Amino acid sequence: MKKILTTRAVVVSNTSLNSCYYIITVALPKDVASSWHPLPGSFVQIAANAPDVFLRRPISIASFNATRGELSFLIQQVGKATTWWRSLTVGSLLDIIGPLGNGFTTNKQFVGSKPLLVAGGVGIAPIRMLAEALQNDGITPTVLYGARSKELFVFREELHAICSLQVSTEDGSLGKKGFVTELPAWVEDYTSVFTCGPRAMMNAVARMAKAKGVPCELSLENRMACGIGVCLCCVEKTTQGNVCVCSEGPVFRADKLVNI
C-alpha cells in the first residue's frame with residue numbers, strides 16, 4: 001500500500017514568475033523525505049490559514065529533489081488560498097498531505113521510444129516532471145505546450161534541457177498562434193501520448209491520439225476536497241463505473257473515460 005504522510009514542510013523559496021503564476025519550493029523533514037516517492041502526476045493537499053478557507057487545495061508536484069528532500073509546486077493565483085500562499089516568506093510552514101494519487105505510466109513498454117507530452121496552462125507542472133523522468137530513463141520526449149500569452153509560458157530553460165519543445169499561444173506572442181492541437185508535431189507518429197491542462201484541450205488530445213491508434217493518458221483536474229476518496233467531490237464516469245479522481249487517478253487511460 002502506498003504510504004501517505006501528513007507533514008509540515010518549510011518554505012525555502014517563493015518565486016513569482018508573472019502576474020498569475022509562482023513557484024513554492026519546500027523542504028520536507030529528513031525523516032519524512034526518505035519515505036516520499038512521488039510519481040509524475042502525483043499531487044498533494046495543502047492547507048491554508050487564510051480567512052474563510054476551510055478545505056485543503058490539491059496541487060500538482062512540479063519537481064521532487066530526493067537528495068535535498070525538496071518539493072516544488074507551480075501555483076496559479078486564483079483565490080484566497082493561492083493568494084495566501086503567494087505571500088508566504090522563507091521559513092514559513094506548509095501543512096501538506098501526500099504524495100497522493102496515481103501518476104503517469106513511465107515503464108518503457110507503455111511509453112515506447114517516441115512519447116508525446118501535451119500541456120496547457122498550469123498543466124505543465126506534472127508534464128515537466130514526467131518529461132524529466134523520461135529523460136532520466138534515456139527517452140527524450142516531444143512536449144507541446146500551450147498558453148494564453150508569452151507571459152504565461154514558464155519553465156522555458158528547464159524544458160529545453162529535457163525535451164523537444166513546441167509552443168503555441170492564443171495571442172501569437174510566442175510560438176504558433178492558436179492551440180496545441182494545431183502544432184506541426186501532430187503530423188508525426190508517436191508511441192504514446194500524455195496530457196494535462198484544461199479539460200477541453202485534453203479531450204481534443206485524447207481524440208487525436210485515438211484517431212492515430214496511440215495509447216493516451218490524461219491527468220484530470222476535477223475539484224477535490226479530501227484527496228483520499230472520501231468526500232466524493234471529484235467523481236468521474238469511467239467504463240468501470242463512477243470513481244474518485246483523487247484516489248483512482250488523477251491519471252487515467254483515455255479509453256477508460258466516458259466523457260471524451
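Author: L93 counts as partly exposed because its relative accessibility is 44%, where buried means under 20% relative accessible area, exposed over 50% and partly exposed in between (1.4 Å probe, protein chains only). This is a predicted model, in which local features need pLDDT of at least 70, side-chain atom pairs count only at pLDDT 80 or more, and totals for chains, interfaces and linings use all residues. Residues are numbered from 1 along each chain as its sequence is written, and side-chain values use heavy atoms, with hydrogens and water left out.

Reader: Okay, and how many disulfides are there?
Author: The count comes to zero, a disulfide being a pair of cysteine sulfur atoms within 2.5 Å. For C231, the closest cysteine sulfur is that of C233, and because it lies 3.5 Å away it is too far for a bond.

Reader: Switching topic, which residues of α6 are buried?
Author: They are M201, M202, N203, A204, V205, A206 and A209, in a helix that covers residues 199-212 (helices are DSSP runs of H or I with at least four residues, strands are runs of E with at least two, both numbered from the N terminus).

Reader: And what do those pack against?
Author: The buried residues of α6 pack against β8 (115-120), β12 (192-196) and β13 (216-219), with contact meaning heavy atoms within 4.5 Å.

Methods. The expected span of a helix is 1.5 Å times one less than its number of residues.
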